[in-house]
Amino acid sequence: DLLFVFNFHPTNSYTDYRVGHQWNEGMKVVMDSDEARFGGHQRLDWGHTRSHAVGAAWDNRYHSTQLYLPSRTCQVLARESILKGGVTIRLSPGTAMPGDWPFP
């Protein structure tokens with residue numbers, strides 16, 4: 001029910017990068033490594049408040065989403081239907097930032 005997208009390139013960022021997936025619904029970013037709490041530059045805030053539209057089939061998947069992928073970042077997207085009522089992201093003790101973060 002989640003889509004994890006990584007860009008490990010040290011210098012190249014990608015705009016309108018298409019990622020294939022199986023869900024026929026909008027997706028929102030629930031966590032990304034570019035957030036201020038992780039020391040990031042907050043370039044992906046748009047996806048936290050707005051839905052990424054569903055696109056055509058891509059890479060042997062039924063649907064797709066286009067994303068901005070800054071260099072050295074990762075994003076976690078969730079289907080809008082599972083976000084109804086909210087989601088809590090938990091990082092276990094021993095990670096750099098343990099705790100719970102509610103997502104609207």
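View 1. Arg 37 is partly exposed, with a relative accessible area of 30% (buried means under 20% relative accessible area, exposed over 50%, partly exposed in between, for a 1.4 Å probe and protein chains only). The side chains of Arg 37 and Glu 35 form a salt bridge of 2.7 Å, N to O (a side-chain nitrogen of Lys or Arg within 4 Å of a carboxyl oxygen of Asp or Glu). Glu 35 counts as buried, at 9% relative accessibility. Arg 37 belongs to the loop between strand 3 (27–32) and helix 1 (46–49); helices (H or I, at least four residues) and strands (E, at least two) are DSSP runs, numbered from the N terminus.

The model is predicted: local features need pLDDT of at least 70, side-chain atom pairs count only at pLDDT 80 or more, and totals for chains, interfaces and linings use all residues. Residues are numbered from 1 along each chain as its sequence is written, and side-chain values use heavy atoms, with hydrogens and water left out.

**View 2. The salt bridge between Asp 34 and Arg 43.** The closest N and O atoms of Asp 34 and Arg 43 are 2.9 Å apart. Asp 34 is buried, with a relative accessible area of 2%, whereas Arg 43 is partly exposed at 36%. The structure holds 4 salt bridges.

**View 3. Arg 79 and Glu 25.** The side chains of Arg 79 and Glu 25 meet in a salt bridge of 2.9 Å, N to O. This pair links distant parts of the chain, 54 residues apart: Arg 79 lies in strand 5, and Glu 25 in the loop between strand 2 (14–21) and strand 3. Arg 79 is buried, with a relative accessible area of 13%.

View 4. Three strands form an open sheet in the order 1-5-3, with antiparallel pairing (two strands pair if DSSP finds at least two bridges between them). Strand 1 (2–7) and strand 3 are the edge strands, each pairing on one side only. Strand 1 and strand 5 run antiparallel and are joined by 6 bridges. Leu 3 stands opposite Leu 77 in strand 5.

**View 5. Two loop residues with positive phi.** Asn 60 is not a glycine, yet has a positive phi of about 65 degrees. Asn 60 lies in the loop between helix 1 and strand 4 (63–69) and is exposed, with a relative accessible area of 81%. Arg 72, likewise not a glycine, has a positive phi of about 55 degrees. Arg 72 is located in the loop between strand 4 and strand 5 (73–79) and is exposed at 58% relative accessible area.
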